[in-house]
Amino acid sequence: MGSIIAILLFSLSLIFCLLLKLSVVYALIIGYMIFVIYGLIKGHNLIVLIKKSFEGVLTVKNILLVFILIGMITALWRASGTIAFIVYMGSKLISPSILILLTFLLCSILSVLIGTSLGTAATMGVICASIGKAMGVNPYYVGGAVLSGIYFGDRCSPMSTSALLITELTKTNLYTNIKLMIKTSIISFIVTCLFYLFLSFKSKVSNISVDVTEIFKQNYNLNMLVTIPAILIVILSILKINVKKTMLISIVVSFIISMFIQKETIVSLIKYCIFGYNNSNQKLNLMMKGGGILSMVSVSLIVGISSSYSEIFKETRMLVSLKEYLKLFSKKTSNYFVIFLSSIVSGAIACNQSLGTILTNELCGELVEKQKMAIILENTVILLVGLIPWNIAMDVPLKAIGVGFMSGLFAFYLYFLPLWNLFLDFIKERKYKIKI
């Protein structure tokens, strides 16, 4: 009972911060204190609990490094003219009638290639969102298509850290999982494409597109060479080069292009990397301002603090009683439904995809056999975390492309696939009960 009270108190602190529009970081700090106090009440040593929490933070050091690279690449692609050139050409070549569908498909393809949702959002997502702004397309439509696309690949790419994590947790075969993931997502993918095609036809274009292309021509040297940083991302991804190395190479090339083609100073570029791109032309800033390492500070704190929870949970065994409640509930409903609900709660508490996945597996791993568990995790928590505003799975991509969390309403793939499989499970369970 004590563990449930601790989780409820943390949930209340999250709700409180959301209602008062405070940073979720405050709720996470409160949560950390709640879970440590729970451990102390249960007789655990304070030093041990603090040590365990630091061990949890160390498990996400690679994610924190990726955040730094995302901040730098989103700023330097703006400074180098990479985004400006692609937006300039894209606004001339791409019809608004297919933009939202194309955004979904391009983000899906790139995320399969590089295996990272955050990296895709910081590159292809930024480009598509910028083209959408230039065309005057509803940014929430584009934001939703970006979210859907980046998690399509993040879910089933052989290089995806989430796919590898689930393979490790469930002790299953990666390529068997990918085959089953594709099989369970065909209907959802087709319906999502039709949904975005409808939104594309529905979208209206404002006169801003002409003004924007003129602003780009006046403030950038729109040379073909500025596309090299983006081309490198695609080529190196196809060659299966590590995503961190790929992003770092693109950053270095963007830095050089910014100096020699856009005539930016080294001091200015270093400032952009830290504080984000900023131009004296306010009209240009409406389109291009953003990025930088500091834009990633909030999400880094969210990941760091929430990741400390996992080791505290293991040390205090606070989830054991909750697992028993879930087993009883699954007998009254269904295993999929319990995992579905658990993934939402875990994603809300964990505030990042990795810990949300670990918690869901920890809570529900005994409900079904390992192969089935792997696919259910891929069809629930991996996608649903992208719909939780304070989870970095949603927060980071939307910050990278500069769009609000209302985009989640149009991230159709993220909720249709879990709901579709929930519906299929309901039909299956009903047939099974009728036979009995």
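The largest nonpolar core of this predicted model comprises 130 residues, and F35 and F216 have the most contacts inside it. Which helix gives the most to this core? It is α7, spanning residues 117–135, with a contribution of 11 residues. Apart from this core lies another one, of 5 residues, including F85, V226, V253 and I261. As a general remark, nonpolar side chains in soluble globular proteins tend to be buried together.

Let us stay with F216 for a moment. Beyond its neighbours within four places in sequence, F216 is in contact with A84, V87 and Y88, and also with L222, L284, M287 and M288.

A word on confidence is in order here. The mean pLDDT of the protein chain is 85, and 94% of its residues reach 70 or more. Among the elements of the chain, helix α12, residues 208–219, has the lowest mean pLDDT, at 70. The highest, at 95, belongs to helix α15, residues 266–275.

I return now to α7 and its packing against helix α8, which covers residues 139–156. The axes of the two helices come within 10 Å and cross at roughly 150 degrees. Angles over 145 degrees count as roughly antiparallel, and therefore α7 is roughly antiparallel to α8. The crossing of α7 past α8 is right-handed. Which residues of α7 meet α8? They are S117, T120, A121, G125, C128, A129 and G132, and on the α8 side they meet V142, V146, I150, Y151 and D154.

Y151 of α8 also leads us to A393, a residue of helix α23, residues 392–401. Is A393 buried or exposed? A393 is buried, because its relative accessible area is 4%, and the limit for buried is under 20%. Leaving aside neighbours within four places in sequence, A393 is in contact with L147, Y151, V385 and G386.

Finally, consider L180 in helix α10, residues 174–183. L180 counts as partly exposed, because its relative accessibility is 27%, a value between the limits of 20% and 50%. Its contacts, apart from neighbours within four places in sequence, are Q371 and I375. L180 and L377 are 197 residues apart along the chain, and their C-alpha atoms are separated by 12 Å.

Technical notes: Residues numbered from 1 in each chain as written. Predicted model: local features only at pLDDT ≥ 70, side-chain atom pairs only at ≥ 80, totals over all residues. Heavy atoms only, no water. Core = buried A, V, L, I, M, F, W, Y, C linked by side-chain atoms within 4.5 Å. Buried < 20%, exposed > 50% of the residue type's maximum accessible area, 1.4 Å probe, protein only. Helix = DSSP H or I, 4+ residues; strand = E, 2+ residues; numbered from the N terminus. Contact = heavy atoms within 4.5 Å. pLDDT = per-residue confidence, 0-100. Axes fitted to C-alpha atoms, helices over the stretch in contact; angles between N-to-C directions. Parallel < 35°, antiparallel > 145°, perpendicular 65-115°, else oblique. Left-handed = near helix turned anticlockwise from the far one by under 90°.
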